[in-house]
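This report walks through a structure with two topics in view: the fold of one chain, and the places where parts touch each other. Please look at the sequence and the model first, and then read on.

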Amino acid sequence: MADVFRIGTGAGFSADRLGPAVELARFGALDCMIIECVGERTLAFGHRDRLLDPSRGYNAQLEARMRALLPPCRKSGTTIVTNMGVANPRAAAEHTVAIASELGLGGLKVACIEGDEVSDLVDPDTPLMDEPRKLRDMELPIVGMNAYLGIDAILPALQAGADVVIGGRLADPSLSLAPLVHRFGWGLDAWETLGAGTLVGHLLECGMQVTGGYFADPGIKDVPNLADCGFPIAEVTNDGSAVITKLPQAGGCVTLATVKEQLLYEVHDPARYLTPDVTADFSRVSLRQAGENRIRVADAGGRARPKQLKVTIGFDGGFIGEAGVSYAGANAQRRAQLAADVLRERLRPLLRNDAATRVDLVGVNSLFATAGAQPDQDAEDVRVRVALRSPRRDDAELMLWEVESLLCCGPAGGGGFRGAIVPSVVTRSVLIDRTCVKPRVTMLVA
Amino acid sequence: MAPAAPHRTVRDIAHARAGDKGNISSVCVWVHDPADYELLKKTLTGEAVKAAYPGLIRGAVQRYEIAQLHGLNLVMHEALEGGVNASLNLDSHGKSWSYLILALPLAE
């Protein structure tokens, strides 16, 4: 029987569930578990956290995840590869070592990957991706800049025998590709195989999005036991092809349809999916049923990796305020519309030009308002929702006050006021010559 | 004017998922039955998608075909009201945009 390497997902985004990860760590017989927790927003918020407290800036659930996952992964010899370090991998690694020591996991080797923070390396004249402006044209304060690191940053940690690898902006598919390259000895220029391994990583990196999450549409696309959906497992062979599956006892499903939807999730040109490791080609992929909840994935390919690395830059975007009040019963839609008109009229003179607002009628036309969807007539359960972005917290507080005032000053029967103000981040991307970026590994031992 | 007869939509023959990167929304669309793939291709041209939502899709729409799996990938530029960190839409990722595509009437 061919040598099979088993990778499972322990999280596909920063707030992902922990229970199914513990199930996989205990029962998945995994060689490797990836825990993917970084997005454009989470990275910028990580930088903000770190500015407020230099010991923070990593995934807020790191402690809970490590406490639950380190013991079963140690027992089964499962290597953990994660970007839970977000904006502070060193603190994340140190905290993980402390947890391991406390749990009696002496000798556990935790590798910390740094060097993705590139604030000192990016020229202000660098053009922004996807828009005709330069970095220096952005008028907001920068909170952090991180280059996407790939397998060349992760492999030294695995070669040094790490049980846990923690980095910051490690590219999502590289979390899976690095252990595959380490196990099967693929060349760093074996582009076709690296492309195949990148597809495995891509299918795993969003967790349940390949096992029935973000998929169900009752009556058309039903998912069994969605409440107990399981995380995916990939059984990968030396040629980079794989079977995507899940634990038999877990909820959810792995079907041709769930795998197809994830295959092109956040992919643009399927023949040119750029990662730090390879220009992957998903355009020729073949999928075939290989048993219940088992889909065989093959025929991904690839070409040479890009000479540049993508860099995500986070900016301080001020504040976002959000507030709402609800109307129900007869004529509710017109009462809500009147409330919205009153708010627009009253907010206009209060706010300076750098504050942006939006008023929606939830239950009538909100998510699709800009798309131009036709509002329903005579909706009888409508929420007026106001959103505001401003560099000044005062503007958000003023807006919340105006919305709350509708309880006595607005149309009849308005109730259920809620309001909240949260810090806002804005992100842009640039490209950087990859030779400028120097990742480094530090091994810590519990 | 009499109400229009209910028309068949993309959702009658296909399923879809939306993703975001910056201010670009991408929606992949897959037919349930390979026999409907030609109809899907005829319906979801880049021009037709852009023309359906001109207020939302401010940039170009690129379309990629995955013929062996009977799917299309629609890449809609400047289509997220600024993107996840800038949009004041309640759904700032445009996760629901897949249902904008599924709502389009099938070509004759």
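In chain B, 61% of the contacts with a separation of 6 or more are made by residues 24 or more positions apart, where two residues are in contact if their C-beta atoms, placed from the backbone, lie within 7 Å. The model is a predicted one, in which local features need pLDDT of at least 70 and side-chain atom pairs count only at pLDDT 80 or more, whereas totals for chains, interfaces and linings use all residues. Residues are numbered from 1 along each chain as its sequence is written, while chains are lettered from A and ligands numbered from 1 in the order in which they are written.

Chain B holds three helices and four strands, and from the N terminus on these follow the order β-β-α-α-β-β-α; helices (H or I, at least four residues) and strands (E, at least two) are DSSP runs, numbered from the N terminus. The radius of gyration of chain B, 14 Å, agrees with the value near 13 Å that a compact globule of 108 residues would have, the radius being taken over C-alpha atoms and the globule rule being 2.2 Å times the number of residues to the power 0.38. The C-alpha trace of chain B spans about 45 × 40 × 20 Å along its principal axes. Of its 108 residues, 49% count as buried, that is, with 20 or more other C-beta atoms within 10 Å of their own, the C-beta atoms being placed from the backbone.

How many residues does each chain bring to the contact? Chain A gives 35 residues and chain B gives 31 residues. On the side of chain A that touches chain B, the elements giving two or more residues include those in the table.

| Element of chain A | Residues |
|---|---|
| helix H2 | 40-52 |
| helix H8 | 256-263 |
| strand S11 | 286-289 |
| strand S17 | 415-433 |

The largest share of that side, four residues, comes from S17(A).

Chain A itself is divided into domain 1 (5-127 + 143-312 + 430-445) and domain 2 (314-428), with bounds that come from an automatic or database domain assignment. The C-alpha centres of domain 1 and domain 2 of chain A lie 38 Å apart, and ten residues of domain 1 are in contact with six residues of domain 2. On the side of domain 1 of chain A that touches domain 2 of chain A, H2(A) gives the most, with seven residues.

Key
A residue is buried if 20 or more other C-beta atoms lie within 10 Å of its own, exposed if 12 or fewer, and partly exposed in between; C-beta atoms are placed from the backbone.
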